[in-house]
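Biologist: I'm new to this one and would like a close look at a single part of it. Could you walk me through the inside of the protein?

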Amino acid sequence: EEDTAPGVPPQQAADIGEVLVTADEIAERIAALAAKVDADYAGRELLLVGVLKGAVMVMADLSRALRTPLTMEFMAVSSYGSATSSSGVVRILKDLDRSIEGRDVLVVEDIIDSGLTLSWLLKNLRSRNPASLEVLALFRKPEAITVDVDVRYVGFDIPSAFVVGYGLDYGEHYRTLPFVGTLTPEAIARGPRP
Ligand code: 5GP
Ligand code: MG
Ligand code: MG
């Protein structure tokens with residue numbers, strides 16, 4: 001069996017088409033974004049709202065890169081759609097545990113594709129009267145430009161291919177890959193598997 005990096009199950013290694021963003025690039029970019037967030041929120045306290053499950057890796061790394069005092073909450077939403085595209089019809093699977101009224105909220109997202117999920121989520125959160133509401137998304141695809149969502153912090157603009165890794169899944173698999181990459185056409189055709 002092939003020798004692979006931590007987080008890369010040997011049987012998944014052959015399913016990766018192209019690595020678009022390496023683990024080092026992600027770490028470097030998160031540190032840079034954290035410095036910006038620290039500067040912007042100086043003297044304040046942040047409430048990071050992570051959107052499960054894709055944003056868990058970004059949350060874990062971003063929260064530890066920040067010096068701003070913060071608390072964390074998580075939400076889980078599901079947009080009805082296929083395994084590889086979203087519809088904009090969103091359902092809350094897990095809501096926030098507490099009020100965000102008067103708080104400085106930073107939504108932490110993995111990736112913005114159509115932007116439909118985020119646009120729905122922001123409208124929902126805005127109705128709860130936070131003091132401020134901003135978004136940090138590690139990845140953004142070209143499609144997102146067409147939707148009117150203001151994303152304050154963006155890690156990487158990537159091509160509009162379906163990607164996995166660093167929290168992003170294909171049928172719940174591939175989330176632990178330390179990089180972000182495409183799947184081979186064969187792996188997509190075969191369907192999700194461990
Ligand atoms: P959107 O509503 O912006 O089209 O996408 C919403 C969610 O779909 C994202 O937060 C993410 O969880 C998932 N998603 C979008 N694009 C990709 C992708 O290329 N790969 C994976 N694994 N998930 C994606
Ligand atoms: Mg997401
Ligand atoms: Mg997913």
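Biologist: How many residues does the largest nonpolar core have, and which of them have the most contacts inside it?

Modeller: Happy to, and keep in mind that this is a predicted model. The largest nonpolar core has 41 residues, and the ones with the most contacts inside it are L62, L106, V107 and V108. Quite a few elements give two or more residues to this core: α2, β2 (46–52), α3, β5, α4 (116–126), β6, β8 (163–164) and β9 (180–183).

Let's zoom in on V107. Skip its neighbours within four places in sequence, and V107 is in contact with V49, V51, L121, L125 and V135.

Helix α2 covers residues 23–40, which makes 18 residues. From first C-alpha to last, α2 reaches 26 Å, close to the 26 Å you'd expect at 1.5 Å a residue. Its buried residues are I26, I30, L33, A34 and V37. These cover an arc of only 110° around the axis, so they end up on the same side of α2. Turn to the other side of α2 and you find D24, E28, K36 and A39, which are exposed. And what sits over the buried residues? The cover includes β1 (16–21), α3 (56–65), β5 (104–112), β6 (132–140) and β7 (153–157).

One of those covering strands, β1, also belongs to a sheet. This is an open sheet of 3 strands in the order β1-β9-β8, with antiparallel pairing. In general, strands of a sheet pair through backbone hydrogen bonds, either parallel or antiparallel. Here β1 and β8 are the edge strands, each pairing on one side only. The antiparallel pairing of β1 with β9 runs over 3 bridges, and V21 stands opposite V180 in β9.

Buried residues make up 30% of the 194 residues. Among contacts with a separation of 6 or more, 63% come from residues 24 or more positions apart. P9 and Y174 give you a pair of that sort of sequence distance to look at: they are 165 residues apart in sequence and 8.5 Å apart in space, C-alpha to C-alpha. P9 lies in the segment before α1 (10–13), and with 13 other C-beta atoms within 10 Å, P9 is partly exposed. As for overall size, a compact globule of 194 residues would have a radius of gyration near 16 Å, and the protein chain agrees with that at 17 Å. Its C-alpha atoms fill a box of roughly 50 × 35 × 30 Å along the principal axes.

A few loops are worth a glance too. In the loop between β2 and α3 you'll find K53, and the peptide bond from L52 to K53 is cis, with omega near -10°. N129, in the loop between α4 and β6, has a positive phi of about 60° although it is not a glycine. N129 counts as exposed because it has 12 C-beta neighbours inside 10 Å. Then there's E172, in the loop between β8 and β9: its phi is positive at about 80°, and it is not a glycine. With 10 C-beta neighbours inside 10 Å, E172 counts as exposed.

Technical notes. Residues are numbered from 1 along each chain as its sequence is written. Chains are lettered from A and ligands numbered from 1 in the order in which they are written. This is a predicted model: local features need pLDDT of at least 70, side-chain atom pairs count only at pLDDT 80 or more; totals for chains, interfaces and linings use all residues. Helices (H or I, at least four residues) and strands (E, at least two) are DSSP runs, numbered from the N terminus. The expected span of a helix is 1.5 Å times one less than its number of residues. A residue is buried if 20 or more other C-beta atoms lie within 10 Å of its own, exposed if 12 or fewer, and partly exposed in between; C-beta atoms are placed from the backbone. The arc is that of the directions from the helix axis to the C-beta atoms. Two residues are in contact if their C-beta atoms, placed from the backbone, lie within 7 Å. The radius of gyration is taken over C-alpha atoms; the globule rule is 2.2 Å times the number of residues to the power 0.38. A nonpolar core is a set of buried Ala, Val, Leu, Ile, Met, Phe, Trp, Tyr and Cys residues joined through C-beta atoms within 7 Å. Two strands pair if DSSP finds at least two bridges between them.
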